Amino acid sequence: MATFVSAEDDKCQKILEGFSINSMNMRDAENGTILWEKNKWPDSWREEEVEAHIPKEIMKCKAVSRELNFSSKESIQDFKLEQRVFLGDMCIEEWDFEFGFVIPGSTNSWQSTIEAAGDGDMMDPEQISGMVSIETSFLDGDKVINKSVVRVFYV
């Protein structure tokens, strides 16, 4: 089951206080069409579950490109994301993403591509809507800055 965790130490707490997610979008990686976009990320993302209402057509894509736009007042030496996808209480996928050094006082765009499981291996979005949660750990090296949760509803 997805869980929330706060900053691991004082340095990570300072990073978290100066870190913001400005926007996120998901595109069909083959043609660049934006399928979902959230331009105002809620201030509560650090400690409350966020809902994402994503078009079910995204499940038909061979690959999805996710762009995260974020700002950081502090430097982050080795910025990483670890994501775990849960269906109910069961972890069904895990992904690791590495960004690297974040310049203090900067705004950055980070694009990652996620390939689909393939025809016949994808779940029916109507059956799993609301049951999928994505737990994202924001890290500086191996130290947790924050862990947040997004619940996915396919529309």
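Reply: Let's start with a side-chain pair: Gln83 and Thr136 are joined by a polar contact of 2.8 Å between their side chains. Keep in mind that this is a predicted model, so treat that distance as computed from predicted coordinates.

Where does Gln83 sit? Gln83 belongs to strand S5, which spans residues 76–87. Is Gln83 buried or exposed? Its relative accessible area is 7%, and because the cut-off for buried is under 20%, Gln83 counts as buried. Setting aside neighbours within four places in sequence, Gln83 is in contact with Arg66, Glu93, Glu94, Trp95, Phe97, Ile134, Glu135 and Thr136. For a sense of scale, the C-alpha atoms of Gln83 and Leu16 are 18 Å from each other, with the two residues 67 apart along the chain.

Now for the strands around it. S5 pairs with S8 in the antiparallel sense, over nine bridges. S8 covers residues 132–140, and one of the facing pairs puts Lys80 opposite Leu139 in S8. S8 is mostly covered, too, with eight of its nine residues buried.

S5 also pairs with S6, again antiparallel, and here there are ten bridges. In that pairing Phe79 stands opposite Gly100 in S6. The hairpin of S5 and S6 leaves two residues between the strands, and Gly88 has a positive phi near 65° there.

Phe138 has Asn146 in S9 as its bridge partner. The S8 and S9 hairpin has two residues between its strands, and Gly141 takes a positive phi near 70°.

Strands that give two or more residues to the lining include S5, S6, S8 and S9, along with S1 (19–28). What is the lining made of? It divides into 31 nonpolar residues, three polar and five charged.

Met26 gives us a way over to S1. Its bridge partner in S2 is Trp36, and four bridges join S1 to S2 (residues 34–38), with the two strands running antiparallel. Five residues lie between the strands in the S1 and S2 hairpin, where Gly32 takes a positive phi near 80°.

At 11% relative accessibility, Gly18 counts as buried. Leaving out residues up to four places away in sequence, Gly18 touches Ser71, Ser72 and Lys73. Glu47 is 29 residues away from Gly18 along the chain, and their C-alpha atoms are separated by 15 Å.

How values were computed
Residues are numbered from 1 along each chain as its sequence is written. Side-chain values use heavy atoms; hydrogens and water are left out. Ala, Val, Leu, Ile, Met, Phe, Trp, Tyr, Cys and Pro count as nonpolar, Asp, Glu, Lys and Arg as charged, and the others, Gly among them, as polar. Two strands pair if DSSP finds at least two bridges between them. Buried means under 20% relative accessible area, exposed over 50%, partly exposed in between (1.4 Å probe, protein chains only). Contact means heavy atoms within 4.5 Å. A polar contact is a pair of N or O atoms within 3.5 Å; within protein, one must be able to donate a hydrogen and the other to accept it, and residues adjacent in sequence count only if both atoms are side-chain atoms.
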